[in-house]
Amino acid sequence: MKVVFAGTPEFAAVALKALHEAGFEIPLVLTQPDRPAGRGLQLQPSAVKQFAVAQGIPVAQPLSLRMDAKDPQRAQEAKAAHELLLATDYDAMVVAAYGLILPRSTLDIKPCINIHGSLLPRWRGAAPIHRAIEAGDAETGVTIMQMEEGLDTGPMLLIERTPIGPHDTTAILHDRLAAMGAQMVVKVLHKMAQGIVEAVPQPEHGVTYAAKIAKEEAALDFTHSARDLHRKIRAFNPFPGAHGTVNGTVIKLWGAELLEAGSNAPAGQVLAADAQHGIVVACGSGALRLTELQKPGGKRLPAAEFIKGFALDGLRFG
């Protein structure tokens, strides 16, 4: 099979690499335009583009695929991309975290299948990994689905599950699901080539939506339960990074342990900050032992190292 690939971040690059190594011919890759990154805000190619260029695969980076876009430049680029797809010899398009909406005009050219990091219909949308951890889900997985115009509503071609461990962060789960999805999409394409793949409609019940993560969500409110805060710290690692504020200083919180023992102290009160007990903070119910922290301009440090340069004993997270 000849496969056009559409994707942008590392999650997608893992799948592209798997397709390439499995021997699929990839005549074209679509990815988002280069974005400013780093301290110098230099334009950086996406992870997908970097892999495609290294392998000599042609790359297109349209701003949009919607030919009816109000912005003339976007509409023009979408038309050019549409004509490019029509001129490309391919059997199916694989989409993974592309970041652009595929309009009906694109979906109608050839079958389009998507690698989605959740157990659909739970967590349709932009941030399924973050939201699954934040909600305390016991498991998640990857769904390979046939794309249609609705938001992650298409019939399922393959679904596989994995448990969410008590210490799993979005970073950890992201890498696990990326590897799963890469192998799954290869399997599905082989079945498509043999004409034996079965499309199963998604259940009508259990639909939830994984809204895009807003930076404001990362500010922790310690009047909430320790269990909820523990999930948020894991869900927002590595982006946008959960944080609390002490005496006006924003401190990133990258790791924590859940303590069930309660306290009569006000929420946010630092109950201990020493080598013996670590950094323990009272919550609305229960407490957290913070294990990895970062002050502005500093490095991520284990708690024992952090308190050597930032005294927390007796203070309170606002």
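This is a predicted model: local features need pLDDT of at least 70, side-chain atom pairs count only at pLDDT 80 or more; totals for chains, interfaces and linings use all residues.

You'll find L220 in the loop between strand 11, residues 209-210, and helix 7, residues 226-235. Is L220 buried or exposed? It comes out at 5% relative accessibility, and because buried means under 20%, L220 counts as buried. So what does L220 touch, leaving aside residues up to four places away in sequence? The list is L229, K232, I233, A242, H243, L253 and G318. L229, K232 and I233, by the numbering, are in helix 7. For a sense of placement, L220 and G38 sit 182 residues apart in sequence, and their C-alpha atoms are 26 Å apart in space.

Okay, stepping back to the whole chain. We've got eight helices and 17 strands, and the C-alpha trace spans about 70 × 45 × 35 Å along its principal axes. Of the 318 residues, 47% are buried. If you take contacts between residues at least 6 apart in sequence, 65% of them join residues at least 24 apart. The chain exposes about 15300 Å², with carbon and sulfur atoms supplying 53% of that. On charge, there are 31 positive and 32 negative side chains, and the centres of those two sets lie 4 Å apart.

Now helix 1, residues 10-21. The buried residues here are F11, A12, A13, A15, L16, A18 and L19. What do they pack against? Strands 1, 2, 6 and 7, plus helix 2 and helix 6. Just after helix 1 comes G23, with a positive phi of about 95°.

That brings us to helix 6, residues 170-194. It has 25 residues and reaches 35 Å from first C-alpha to last, close to the 36 Å expected. Its buried residues include T170, L173, L177, M180, M184 and L189, and glycine turns up among them too, as G181. Helix 6 is followed by another glycine, G195, whose phi is positive, near 70°.

That's my tour, happy to take questions.

Definitions and conventions
Residues are numbered from 1 along each chain as its sequence is written. Side-chain values use heavy atoms; hydrogens and water are left out. Helices (H or I, at least four residues) and strands (E, at least two) are DSSP runs, numbered from the N terminus. The expected span of a helix is 1.5 Å times one less than its number of residues. Buried means under 20% relative accessible area, exposed over 50%, partly exposed in between (1.4 Å probe, protein chains only). Contact means heavy atoms within 4.5 Å. Accessible areas come from the Shrake-Rupley method with a 1.4 Å probe; for residues, only the protein chains shown count as cover. Lys and Arg count as positive and Asp and Glu as negative; His and the chain ends are not counted. The place of a charge is taken as NZ of Lys, CZ of Arg, CG of Asp or CD of Glu.
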